There are 2 protein chains.
Amino acid sequence: MAVQTTEAAPQTVDLGPAAALSCRECSERFELGPIFACRLCFGPLEVAYDLPAGDAEELRKRIEAGPNNIWRYAPLLPVPADVAEKPSLNPGFTKLVKADNLARELGVTGGLFVKDDSGNPTHSFKDRVVAIAVEAARAFGFTTLSCSSTGNLAGAVGAAAARAGFRSCVFIPHDLEQGKVVMAAVYGGELVGIEGNYDDVNRFCSELIGDPLGEGWGFVNVNLRPYYGEGSKTLAYEICEQLGWRLPDQIVIPIASGSQLTKIDKGLQELIRLGLVEDRPYKIFGAQAEGCSPVSTAFKAGHDVVRPQKPDTIAKSLAIGNPADGPYVLDIARRTGGAVEDVNDEQVVDAIKLLARTEGIFAETAGGVTVGVTKKLIEAGLLDPALTTVVLNTGDGLKTLDAVAPTTGPSATIRPSLDAFRDAGLAR
Amino acid sequence: MAVQTTEAAPQTVDLGPAAALSCRECSERFELGPIFACRLCFGPLEVAYDLPAGDAEELRKRIEAGPNNIWRYAPLLPVPADVAEKPSLNPGFTKLVKADNLARELGVTGGLFVKDDSGNPTHSFKDRVVAIAVEAARAFGFTTLSCSSTGNLAGAVGAAAARAGFRSCVFIPHDLEQGKVVMAAVYGGELVGIEGNYDDVNRFCSELIGDPLGEGWGFVNVNLRPYYGEGSKTLAYEICEQLGWRLPDQIVIPIASGSQLTKIDKGLQELIRLGLVEDRPYKIFGAQAEGCSPVSTAFKAGHDVVRPQKPDTIAKSLAIGNPADGPYVLDIARRTGGAVEDVNDEQVVDAIKLLARTEGIFAETAGGVTVGVTKKLIEAGLLDPALTTVVLNTGDGLKTLDAVAPTTGPSATIRPSLDAFRDAGLAR
């Protein structure tokens, strides 16, 4: 396939099957490089592939013989063929937990699964996207990895950079909780507190990218964003492989920027096109917190545009008030017959506890959002309990202890005596 | 193989290849049951096996075709053959990370690996031992799972019980930090704070086991201890399989009670006996924190007995002042040509940061102890840098943030301007 380029420079980077960047709005194509917006229409760019042609059975076997991490899907990702040999945190291939106890509580009879990404190296799905960004940074000759972050991403970048041999310099709002600061700083990269809020941090990073001071810097969620985003496709690949190379009927995905949801849909479509799964209908559901629900608000109102909101929710990892991929999420939910729903903070906490109590999985607030929304969608008749359903948990409860702490404690405190224990009424 | 029993009751429990309990002191054998001390000499009991006879190559293939968790080793564990079908957190098969960056810093040329058990479901190796105890509890008809704990174990038991369908009731000192209490309580089991210290909690649990109030209760680290301990063998199995069915030359293991170290040795010996690995010398090294170093003190003094100490260290998960398996650890370290060493709290913190900075692995304080001791042993010439070395990280830094928090923070805090960033001297 010939790449239609807009620049004269020869194509030299090796990112495997990645052929070009393509504008999601106007379809204009660009050479692979550290760019993120279309030079014609300013639309977002995404990776276009020359996907492996040939026998699906052979490709499936090749994948199954690969390592127990995202690199088993290297033939479908913007990474060189020898990626598994390079130093990486090697995230992915996290557990798809058959959640029979939770299914009973929710009345799901068609099979309920939790895709538990708290099993990643720094305990969130961010390790997937950062791992791909690292390979792009290598290909483009960057020496410093950077990002703006309020939590999970800072740690994921710091850890990945340390292991892969990059310098890192990560920017955070100066007033983050100490725990998050420690997680971001412990990997030994530079951590810079910015006097301002997250918007100020983002604005500063955009300035830095355009300045000589930022030369040689790869911002995973800015100038490497088209590659970074592709990491979320691996969630789709893994879910289908772990279901026995089968599409789930329904899948519930949290929405922050909306990128993850759109890339999971992209991944499912690729599997269908490659013949790795049978083509049959699937429904994609988006989950938001009520305190930051611009997409579910638009979905319910039947709008095509997403009106920004000022976030106010305990689900901080989803608190993006102006989600870049919001309109694409609306498209996908509507096209597949899914929906977008939201739950309030109390429901988030209840859902975290429900998942912990039934399956022994302690989820981040984002996992409380997806489980809570699943429950609500079933009650509303929008999610069919007789179909196979996958719910994403994208992070770890250890990182958002504050959400459950006020309502989680000992059943009793007693003197160390059998009488005291008997009186507490807990013997059974 | 005939089991020499001391009781008349017929053998009815199915724990796979487990044939009996055997006293580690006097070798008297007992039927499988919820007992933990020899009725003749009060020595500790351990599981004796009828290990699979036959072709090693066939066994190896059977293991490799098994699930990506500890149940792939079911033929070598006290669990029924169909264990992988039962609800479990399915821990294990965590990453063996080739730590080339750390090797360079430490001058290791023979290959350095970190066995990273922070990848387990509740992020510590405790998930392994608890998973085995759960199967024993099932076999003995227990309905409540319990333990005394100061941290990792409480969460591991709560989570495993939730998933496996047991009631849980866990005992902790009443004055634990809130974070640890939340982690122990979030899985919805009963959590009881005991007014007293950890010794008081333990004493209370021993009383409860002997009382009708505790009937039907499986205390994973007391009356199920012989089974529970076997879970640590899986670390040995995984390390060898992940090295390509090869024994490591040297292995550095943290010491709390010492059980983990003795069971890893037991696991290595089994692999040799079964022909799964080639029989060649290996050295086992034990690692303690200086503030709780009864075993390393005895080792250095050339003693056979371990004199109890009052713990005072940040490595709280290793803070057992009177380690039950101390004498066995001394035996193994001496027999294999290893050693037992300790590092102080400052060295623990430095080692946590060293591992994070080089490999992107954020370890619990116990991981700081093993990495710190590895460094010290190399400097002392006791650990050969030209040989293949495996270092255990048994827990997650997220659970011991306090250890590094005082010395881990931003490189700079600046206004959101390029000038301010230039002045901070971090551009490169």
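Analyst: Ground rules before we start: buried means under 20% relative accessible area, exposed over 50%, and partly exposed in between (1.4 Å probe, protein chains only). Helices (H or I, at least four residues) and strands (E, at least two) are DSSP runs, numbered from the N terminus. This is a predicted model, where local features need pLDDT of at least 70 and side-chain atom pairs count only at pLDDT 80 or more, while totals for chains, interfaces and linings use all residues. Residues are numbered from 1 along each chain as its sequence is written, chains are lettered from A and ligands numbered from 1 in the order in which they are written, and side-chain values use heavy atoms, without hydrogens and water.

User: Which residues point one way from strand 10 of chain B, and which the other way?

Analyst: Strand 10 covers residues 250-254 of chain B, and five of its five residues are buried. Both faces are therefore covered by the buried cut-off: Gln250(B), Val252(B) and Pro254(B) point one way, and the other way go Ile251(B) and Ile253(B).

User: Which strands stand at the edges of the six-stranded open sheet of chain B?

Analyst: This sheet runs in the order 4-5-13-10-11-12 of chain B, with mixed pairing. An edge strand has a single partner, so one side of it is left without a neighbour in the sheet, and that holds for strand 4 (96-98) and strand 12 (339-343) of chain B. On average, neighbouring strands here are turned by 25 degrees against each other, direction ignored (axes are lines fitted to C-alpha atoms, for helices over the stretch in contact, and angles run from 0 to 180 degrees between N-to-C directions). So the edges are strand 4 and strand 12 of chain B.

User: At about what angle does helix 8 of chain B run to strand 5 of chain B?

Analyst: Strand 5 (residues 112-116) of chain B is joined to strand 13 (residues 389-393) by five bridges, running parallel, and Phe113(B) stands opposite Val390(B). Helix 10 (residues 294-301) of chain B packs on the sheet too, touching strand 11 and strand 12 of chain B, with its direction at about 125 degrees to that of strand 12. Helix 8 (residues 233-242) lies across strand 4, strand 5, strand 10 and strand 13 of chain B, and its angle to strand 5 is about 135 degrees.

User: Which strand of chain B stands at an edge of the five-stranded open sheet?

Analyst: The order is 9(A)-6(A)-7(A)-8(A)-14(B), with parallel pairing. Each edge strand has a single partner, so one side lacks a neighbour in the sheet; from chain A that is strand 9 (217-219), and from chain B it's strand 14 (412-414).

User: About how much area do chain A and chain B bury between them?

Analyst: 73 residues of chain A are in contact (heavy atoms within 4.5 Å) with 73 residues of chain B. Buried area is the accessible area (1.4 Å probe) that two parts lose on being put together, summed over both. Carbon and sulfur atoms carry 62% of a total of about 6100 Å².

User: Is His123(A) buried or exposed?

Analyst: His123(A) sits in the loop between strand 5 (112-116) and helix 3 (126-139) of chain A. Its phi is positive, near 70 degrees, in a residue other than glycine. With a relative accessible area of 3%, His123(A) is buried.

User: And Phe42(B), buried or exposed?

Analyst: Phe42(B) is in the loop between strand 2 (29-30) and strand 3 (45-49) of chain B. Phi is positive here as well, near 65 degrees. At a relative accessible area of 67%, Phe42(B) is exposed.

User: How far apart in space are Pro34(A) and Leu224(A)?

Analyst: Pro34(A) lies in the loop between strand 2 (29-30) and strand 3 (45-49) of chain A, and it's partly exposed at 36% relative accessible area. Beyond neighbours within four places in sequence, Pro34(A) is in contact with Phe140(A), Phe142(A) and Asn223(A). Pro34(A) and Leu224(A) are 190 residues apart in sequence, yet C-alpha to C-alpha they're at 5.6 Å.

Definitions and conventions:
Pairing = 2+ DSSP bridges.
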